[in-house]
Amino acid sequence: QVHLVESGGELVQAGGSLRLSCAASGRLGTIYEMGWFRQAPGKEREFVASIRWAGTGTNYADSVQDRFTISRDGAKDTVYLQMNSLKPEDTAVYYCNYKPRGEINYLSAWGQGTLVTVSS
């Protein structure tokens, strides 16, 4: 079992920056990949970015490419999402999740997430 805790969401003005954190604990050896997802009001949850737990290999949604950067601090077992040039359409609850080794999909269970609000 892996336990994830998201943090860092807050109200920010358009054009600003924010860094989200996802602290992982538990059976970390079972993790293959970590991902950030978001769900805006009235919309489906969508993929934002992912990173291999080994720290190599990242992937981004087109909507955040060149603005967001996902990274991992191995010493802290934490994955970050650096968000720059934020837009009002980035407003959402952001969630982290993981894909276990040997699995195709991310877990179906989600945490409480962290709310990012971008004002225009």
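In this predicted model, strands β1 (2–7) and β9 (92–100) each contribute at least two residues to the lining of the largest pocket. The volume of this pocket is about 240 Å³, and 14 residues line it, with V2, L4, A109, W110 and G111 lying nearest its centre. Strand β1 provides the largest share of the lining, namely 5 residues. By residue class, the lining comprises 8 nonpolar, 5 polar and 1 charged residues.

Across the whole structure, 5 salt bridges were found. One of them pairs the side chains of E33 and R52, with an N to O distance of 3.4 Å; because E33 belongs to strand β4 (residues 31–39) and R52 to strand β5 (residues 46–52), this contact ties together parts that are 19 residues apart in sequence. Of these two partners, E33 counts as buried at 10% relative accessibility, whereas R52, with a relative accessible area of 35%, is partly exposed.

E33 also forms a salt bridge with K99, in which the closest N and O atoms are 3.5 Å apart. Since K99 lies in strand β9 and E33 in strand β4, the pair ties together parts that are 66 residues apart in sequence. K99 is itself buried, its relative accessible area being 14%.

A further salt bridge joins the side chains of D90 and R38 at 2.9 Å, N to O. Here D90 is located in the loop between β8 (78–83) and β9, and R38 in strand β4, so the pair ties together parts that are 52 residues apart in sequence. D90 counts as buried at 1% relative accessibility, and R38 is likewise buried, with a relative accessible area of 6%. Through salt bridges that share partners, R38, E46, R67 and D90 are joined into one network.

Technical notes. Residues are numbered from 1 along each chain as its sequence is written. This is a predicted model: local features need pLDDT of at least 70, side-chain atom pairs count only at pLDDT 80 or more; totals for chains, interfaces and linings use all residues. Side-chain values use heavy atoms; hydrogens and water are left out. On a 1 Å grid over the protein atoms alone, a cavity is a set of points where a 1.4 Å probe fits but cannot get out, and a pocket is an open set with protein on both sides within 12 Å along at least five of seven lines; lining residues have an atom within 4 Å of a point. Grid points are joined across faces, edges and corners, and a volume is the space filled by probe spheres set on the points. Helices (H or I, at least four residues) and strands (E, at least two) are DSSP runs, numbered from the N terminus. Ala, Val, Leu, Ile, Met, Phe, Trp, Tyr, Cys and Pro count as nonpolar, Asp, Glu, Lys and Arg as charged, and the others, Gly among them, as polar. A salt bridge is a side-chain nitrogen of Lys or Arg within 4 Å of a carboxyl oxygen of Asp or Glu. Buried means under 20% relative accessible area, exposed over 50%, partly exposed in between (1.4 Å probe, protein chains only).
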